[in-house]
Amino acid sequence: MKLLSLSLLLVFSLSLVEGQTKKQAVNSKRNTFVTKLMSKMTLEEKVGQLNLPSVGFDVTGPIVSQGVEEKIKKGLVGGVFNTFTPIAVRKLQEMAVNETRLKIPLLFGYDVIHGHRTIFPIALGLSASWDLSLIERTARAAAEEASADGLNWTFSPMVDIARDPRWGRVSEGAGEDPYLGSLIAKAMVKGYQGDNFDKNNTIMACVKHFALYGAGEAGRDYNTVDMSRLRMYNEYFPPYKAALEAGVKSVMTSFNEIEGVPASGNKWLMEEVLRKQWGFAGLIVTDYTAINEMINHGVGDERKVAELTLNAGVDMDMVGELLLKHGAELVKSKIVKQAQIDAACRRILEAKFDLGLFDDPYRFVSEERNAQEMMNQQKLNLSKEAAIKSMVLLKNAGQILPLNANQKIAFIGPLVKNQRDLLGSWSGAGDWKKAVSLWSALENKFGSDKLLFAKGCNLVDDEELMKKLNPHGAELVADERSPEKMIDEAVKVANRSSVIVAVLGEPFGMSGEAASRSMIGLLDNQAELLRALKATGKPIILVLMNGRPLTLEWEDKNLDAILETWFSGTNAGPAIADVLFGNANPSGKITMSFPRNVGQIPIYYNSKNTGRPLDVNQKYTSKYLDVPNDPLYPFGFGLSYTNFTYSGISLDQKEIKPGQKIEASITLSNTGKYDGEEVVQFYIQDVVGSITRPVKELKGFKKVFLKAGESKAITFTISNDDLKFYNANLKYASEPGEFKVFIGGNSRDVKTSNFKLNP
Ligand code: BGC
């Protein structure tokens, strides 16, 4: 036995050494290649590599790239984005390879965020699955399609921690928790990049937006961020760092300022944190015109902000072209060192080398792969699976769901037949006409004569809002009927039914970039429809499609069931139909708290205690006069058609020293009538610290499938690493003392125990 484990150890160490040697050999080959290439480059050609213009249709800022093809031919472009398909990519790559002096191939980037052609649920929805392997598989599938469409670089994952649902971009991330966010960041990087770039179906990932982009004041996009370093290190930095640990090859800067300096020109952030402390050696690209925007931030003119960017150690300029305009001159006037440009150029060339573009610039250009990969059956199946697993059942009074197909059901609302909005924002290569609506899934399941339908209201009635959304593809059209008439018709249809399914929410453009809202309830016209339906006295199930936590106090109080489906992608319709009729049992859990009203924002479960914790009977305690402190639905919350019960926690010991481990176990029982999956969540509180610690922090979870009537012991192992945090000196260490352990099905309803860490 001993011999066996010794030889296993030997094999393991040998393969480790072999792996390292192989990596060193590749790096040294890369080094030699890039050094030789750079020795032939003029300063202008080096600066040209730092330029990343947009060629194509997707514009997310006020500036549009001009004359790109001419610049490519002059060697003044390192990569482009917003262009794909084998034909389009080949054309530009040929220009770079055949018509320039040094024949350096281009990078081709794109925002492949939640799928490329096959669209999966928005990232916030996917995170609600708590299913890391599923999330990795969606990123893998996205990479397979993107790489077959000529792309070699995705601007994903977005891992910005978000605690303010007014911010439209909460839809693009994994919610409020640094631990879960870190695991999801890793899964996505692995999915996109694979183990290495040996195959032509993996692409370079780009973790964004470094850093703290999710913490803009008042949830307004691009707004000021100001926070302590303690909060950065403990709460906001972990997912970026995790992406690096997973090997992400590129990082995107954020639009916001940090400690008074915009991220793209923030030397402390890029040089000290990212490069030095975290050892990042890959390429840093700015966000869209983020360098130019530093002028508005008020830190200098064009030339100055280009200088700040280069001296901060940023490598590539997205769209703004200020590095192209000023880079060489700044070196000649000795304001920026040549070494700074060299380092940036080197990192871009290294990325191209790693992607295999110098061996074959057309590696990702294949009509044949294009025909095989796009929206194939395997990916369509995955999109349905992901959609089902991302849905969250927020309420289910009297077990009204799943629906019995034999009753008369009225499907009411502007989203019942809608296809346009199902893909959500950031689905540029997705074709919404290929998305399956709920209605067509229902027709498919039951035939059309059995179903009742009324539109009930417009998705948006507010003309001002329509004017803002329509220029960006919303395609919102007001119905010819008056709002009163539409509600009347809906009520008549509802009266012929025994149960109402209302399908409401946001149009896709109300979340995503530049889509902040100051109120996050259902729009007035939709709320009015719901009130009219409520007056019929029929039971109502609300199916939501939206990109952020909404305020749902009235709905929670007055409706029978609420199913959150987010924007769930290409196969949204069939997935929702399966869940409504019990062919699938929902198991998603929200990863952002749903506030009762906007006045509670920012709201998040891992908050700190105050010196005057909430006591409703005492005046001078931390609370509101008009609303409870807690959210309507807490982080980690989500129901199932079955019931799960938790035993108390048993710990195998009550005291440990660093280096030792404790096992915390509970028995989970499925006491309901359906088989189902439960996300068992494990939290810790460090009761006393040298700095104050959150009331709860997620430290583990397990997604467990139990048949009806089945029970299972679930164990979490606690080690010293789970107890560490950044202290006032930003040292990452645990501190002896008392800890609480919580296990439960969400962050609020938990069993509790405690243990001691001895010195
Ligand atoms: C967004 C980025 C995106 C970039 C390129 C920006 O406006 O903030 O997330 O990757 O545009 O489309």
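**Exercise 1: a glutamate in a helix**

E144 is found in helix 6 (residues 132-147). Work out whether E144 is buried or exposed, and which residues it touches.

*Solution.* Some ground rules come before the steps. You're looking at a predicted model, where local features need pLDDT of at least 70 and side-chain atom pairs count only at pLDDT 80 or more, while totals for chains, interfaces and linings use all residues. Residues are numbered from 1 along each chain as its sequence is written, and side-chain values use heavy atoms, with hydrogens and water left out.

- Step 1, the element. Helices (H or I, at least four residues) and strands (E, at least two) are DSSP runs, numbered from the N terminus.
- Step 2, the accessibility. The cut-offs are under 20% relative accessible area for buried, over 50% for exposed and partly exposed in between, with a 1.4 Å probe and protein chains only. E144 comes out at 16%, so it is buried.
- Step 3, the contacts (heavy atoms within 4.5 Å). Not counting residues up to four places away in sequence, E144 touches N201, R369, E373 and K379.

**Exercise 2: a serine at a helix end**

Find the helix that holds S390, then say whether S390 is buried or exposed and list what it touches.

*Solution.* 

- Step 1. S390 belongs to helix 16, which covers residues 377-390.
- Step 2. Its relative accessible area is 0%, so S390 is buried.
- Step 3. Leaving out residues up to four places away in sequence, S390 touches P121, G125, L126, A128, S129 and W566.

**Exercise 3: helix 4, length and packing**

Compare the span of helix 4 with the expected one, then say which of its residues are buried and what they pack against.

*Solution.* 

- Step 1. The expected span is 1.5 Å times one less than the number of residues.
- Step 2. On the buried list for helix 4 you'll find P86, V89, L92, Q93, M95, A96 and V97.
- Step 3. Those buried residues pack against helix 3 (68-73), strand 2 (79-81), strand 3 (107-110) and helix 15 (367-373).

**Exercise 4: two helix pairs**

Describe how helix 17 packs on helix 22, then do likewise for helix 19 and helix 20.

*Solution.* 

- Axes are lines fitted to C-alpha atoms, for helices over the stretch in contact, and angles run from 0 to 180 degrees between N-to-C directions. Helix 17 (residues 438-446) and helix 22 (residues 572-580) meet at about 60°, and their axes are 7 Å apart. That makes helix 17 oblique to helix 22; under 35 degrees would be roughly parallel, over 145 roughly antiparallel, 65 to 115 roughly perpendicular, and the rest is oblique.
- Step 2, handedness. A crossing is left-handed if the near helix is turned anticlockwise from the far one by less than a right angle, and right-handed if clockwise. Helix 17 passes helix 22 in a right-handed crossing.
- Step 3, residues. Helix 17 brings L438, A441, L442 and K445 to the contact, and helix 22 brings G573, P574, I576, A577 and D578. By class, that contact has 6 nonpolar, 1 polar and 2 charged residues. Here Ala, Val, Leu, Ile, Met, Phe, Trp, Tyr, Cys and Pro count as nonpolar, Asp, Glu, Lys and Arg as charged, and the others, Gly among them, as polar.
- Helix 19 (residues 483-495) and helix 20 (residues 524-534) pack at about 35° with axes 10 Å apart, and their crossing is right-handed. I487, A490, V491 and A494 of helix 19 meet E528, L529, A532 and L533 of helix 20. The class tally is 7 nonpolar, no polar and 1 charged.
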